[in-house]
Amino acid sequence: MSETAIISGQGLGYAADGRMLVDDATLDLAPGTTTILIGPNGAGKSTLLKLLTGEVKPSAGSILIDGEALQAIPAWRLACLRSVMAQHARLAFPFSVYEVVHLGADGVGRALPRQRREALVAECLAAAGVLDLAGRRYQTLSGGEQQRVQFARVLCQLEAGRSVAGRQVLFLDEPIASLDLCHQLALLDMARSIAARGVAVLVVLHDLNLAVTYADHLVVMDQGRIIAQGPPAKTLDDALLRQVFKVDLSLSRAPAPGLPFLLPQQHRALPAA
Ligand SMILES: Nc1ncnc2c1ncn2[C@@H]1O[C@H](COP(=O)(O)OP(=O)(O)OP(=O)(O)O)[C@@H](O)[C@H]1O
């Protein structure tokens, strides 16, 4: 574990149906760092994220949060320490958008004065660009609108949790999957500015251009294993892309020195092995 890491996963494994969905994964999430996790469908990204959030228990390895075993931390304190935007969020009840975002403050913000909680909800609705939807039924929203509301909810939980936890982690599992380009960039900019104030941020992404642009630390998974991690410019290359994503991509250098940039027009699917 690095000295400063907030969450440290060591040798993590998770087995289901007789196979290892995550195998021997070691990953630290450091304050002030945006870590982006990439890999093909079924690589184990969401499962690794669920291990690190405590949603599922590892069958091997250990997870420490500031040196304390994750499993020993009570749920209320965990909710203050980390906020999680899952890949899919379905609601069984006809909540309004306002109520969904308010859930973020309900769990962890009870110590805050009621007025502050109400202000917080409004601030997070505005930050995620969904203030004008506050009165709408969540289920009537488009997929992208729902995703932005979920982002507002996790922002709200993170902010409310700050009154209890000094060091926090934000987990975002494919948070831009349903968003248009403008909202994709807005959300990732916001995630990065949250990291800049000291939060450790972990984002699962499929867009490799955005991943290399926004990551301080890039993690590549394939078949349950972390096969590379480090600064984007030193982590991704043509050979790795070919091996992991089974496509032939020309990787050139972007205008920013050292930043890899993928040229989509030069994609060529490789024949199946
Ligand atoms: N509870 C489970 N029981 C059995 N298999 C599972 C379970 N959860 C996930 N899997 C399988 O484990 C593998 C990894 O799933 P996971 O959701 O972690 O992948 P991922 O990298 O997030 O994929 P994607 O990019 O498609 O979201 C997949 O093959 C999936 O079908």
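This is a predicted model: local features need pLDDT of at least 70, side-chain atom pairs count only at pLDDT 80 or more; totals for chains, interfaces and linings use all residues.

Biologist: Which residues are around the ligand?

Modeller: Ala16, Asp17, Leu21, Gly39, Asn41, Gly42, Ala43, Gly44, Lys45, Ser46 and Thr47. Each has its C-beta atom, placed from the backbone, within 6 Å of the ligand.

Biologist: And which helix gives the largest share of that shell?

Modeller: Helix 1 (residues 45–53), with 3 residues. Helices here are DSSP runs of H or I, at least four residues, numbered from the N terminus.

Biologist: New topic: how do helix 3 and helix 5 cross?

Modeller: The axes of helix 3 (residues 97–108) and helix 5 (residues 143–161), lines fitted to C-alpha atoms over the stretch in contact, come within 8 Å and cross at roughly 25°. Angles run from 0 to 180 degrees between N-to-C directions. The two helices are therefore roughly parallel, the class for angles under 35 degrees.

Biologist: Last one: where is His183, and why does it count as partly exposed?

Modeller: His183 sits in helix 6 (residues 181–196). His183 counts as partly exposed because it has 18 C-beta neighbours inside 10 Å; 20 or more would be buried and 12 or fewer exposed, with C-beta atoms placed from the backbone.

Biologist: How far is His183 from Phe151 in space?

Modeller: They are 11 Å apart, C-alpha to C-alpha, and 32 residues apart in sequence.

Conventions: Residues are numbered from 1 along each chain as its sequence is written. Angles under 35 degrees count as roughly parallel, over 145 as roughly antiparallel, 65 to 115 as roughly perpendicular and the rest as oblique.
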